[in-house]
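Please take a moment to look over the sequence and the 3D structure before reading on. We will go through a few places in turn.

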Amino acid sequence: MAASVQEVLPPSLDSTSQPPSLFDGTTRLYINYQCPYAQRVWITRNVKGLQDKINLVPIDLQNRPDWYKETVYPPNKVPSLEHNNKVIGESLDLIKYIDSNFEGPSLLPDDPEKQKFAEELIAYSDTFVPEVYRSFMRDAQTLAGAQFDYLEKALDKFDDGPFFLGQFSQVDIAYVPFIERFQIFMPAGFNYDITFGRPKLAKWIEEMDKLDGYKQTKVLEPEKLVEYYKNLFLA
């Protein structure tokens with residue numbers, strides 16, 4: 001796994017900021033430091049050791065610059081990637097795109113059975129994430145609990161390492177920004193520990209926390225996240 005020195009992160013661009021010079025040959029990843037979807041792609045860039053190849057351009061989503069929608073990415077969301085004179089989006093697509101189109105360690109194993117399971121789990125993340133968020137407004141412990149049980153079972157499939165496919169892969173990247181947030185919020189919001197009775201999930205979190213490329217992307221102010229989620233889901 002590509003390690004790196006702690007990167008000095010650029011300040012976020014807002015409505016008063018000038019745009020970068022688009023399509024000048026620079027590869028740019030447009031993100032927001034608080035956005036879990038953007039974090040997926042940020043992690044991918046880091047663990048492949050692409051800090052010098054893909055520039056981070058953080059966008060302030062509360063006060064976003066007009067030029068982002070007008071000239072960079074009309075859907076006006078993050079993440080997006082400017083590469084080879086085009087801009088593409090959608091976090092799960094971008095994990096795969098960066099893994100396939102740039103140098104660095106491959107984030108998918110050669111084993112066909114593992115590849116098939118990777119596809120299933122990456123697709124399932126589009127169920128897992130909204131189901132857990134929805135549970136916050138209903139019966140979080142039961143409904144979210146069923147989702148975490150699904151992951152615990154998935155982590156049991158391959159025993160040649162602590163990650164979903166045994167080795168670290170695209171699958172871990174797809175899930176970790178959300179599990180990170182749920183692990184911060186659920187004890188505060190619902191007195192619920194997502195790892196209780198789930199030793200494989202606990203071990204997975206422990207191993208993820210050792211990865212430099214992920215550590216640099218983690219939520220910096222957990223108490224602000226708790227406050228934000230409480231206002232969003234429990235107010």
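Predicted model: local features only at pLDDT ≥ 70, side-chain atom pairs only at ≥ 80, totals over all residues.

Residues are numbered from 1 along each chain as its sequence is written, and side-chain values use heavy atoms, with hydrogens and water left out.

Let us begin with two helices. Helices (H or I, at least four residues) and strands (E, at least two) are DSSP runs, numbered from the N terminus. Two packed helices are described by the angle between their axes and the distance between the axes. Here, helix α4 (residues 112-135) packs against helix α5 (residues 140-154) at an angle of about 165 degrees, and their axes are 9 Å apart. Axes are lines fitted to C-alpha atoms, for helices over the stretch in contact, and angles run from 0 to 180 degrees between N-to-C directions. The two helices α4 and α5 are therefore roughly antiparallel to each other; angles under 35 degrees count as roughly parallel, over 145 as roughly antiparallel, 65 to 115 as roughly perpendicular and the rest as oblique.

Which residues bring α4 and α5 into contact? From α4 come Phe117, Leu121, Tyr124, Phe128, Glu131, Val132 and Ser135, and they meet Ala140, Leu143, Ala144, Gln147, Phe148, Tyr150, Leu151 and Ala154 in α5. The residues of this contact divide into 12 nonpolar, two polar and one charged. In this count, Ala, Val, Leu, Ile, Met, Phe, Trp, Tyr, Cys and Pro are nonpolar, Asp, Glu, Lys and Arg are charged, and the others, Gly among them, are polar. Contact means heavy atoms within 4.5 Å.

Now turn to the backbone. Most residues other than glycine have a negative phi, and most peptide bonds are trans. In the loop between α2 (66-72) and β3 (80-83) you will find proline 79, which is joined to valine 78 by a cis peptide bond with an omega of about 5 degrees. Asparagine 76 also has its place in the loop between α2 and β3. Although asparagine 76 is not a glycine, its phi is positive, at about 65 degrees. Another such spot is asparagine 191, not a glycine either, with a positive phi of about 55 degrees; asparagine 191 lies in the loop between α6 (170-190) and α7 (199-208).

Are these two asparagines buried or exposed? Asparagine 76 is buried, with a relative accessible area of 18%, whereas asparagine 191 counts as exposed at 70%. Buried means under 20% relative accessible area, exposed over 50%, and partly exposed in between (1.4 Å probe, protein chains only).

Next comes a pair of side chains that meet. Glutamine 39 lies in helix α1 (residues 36-47), and threonine 217 in the loop between α8 (212-215) and α9 (222-234). Glutamine 39 is buried at 1% relative accessibility, and threonine 217 is likewise buried at 1%. Their side chains make a polar contact of 3.0 Å. A polar contact is a pair of N or O atoms within 3.5 Å; within protein, one must be able to donate a hydrogen and the other to accept it, and residues adjacent in sequence count only if both atoms are side-chain atoms. The side chain of glutamine 39 also has a polar contact of 2.8 Å with the side chain of arginine 181. For threonine 217, a polar atom of the side chain lies 2.7 Å from the backbone oxygen of tyrosine 214.

Helix α9 holds our next stop, tyrosine 229. Tyrosine 229 is buried, with a relative accessible area of 4%. Its side chain and that of tyrosine 133 are joined by a polar contact of 2.6 Å. Leaving out residues up to four places away in sequence, tyrosine 229 touches Tyr133, Phe136, Arg181, Phe185 and Leu234.

We finish with helix α3 (residues 91-101), where the buried residues are Ser91, Leu92, Leu94, Ile95, Tyr97, Ile98 and Asp99. These buried residues pack against α1, β3, β4 (86-89), α4 and α6.
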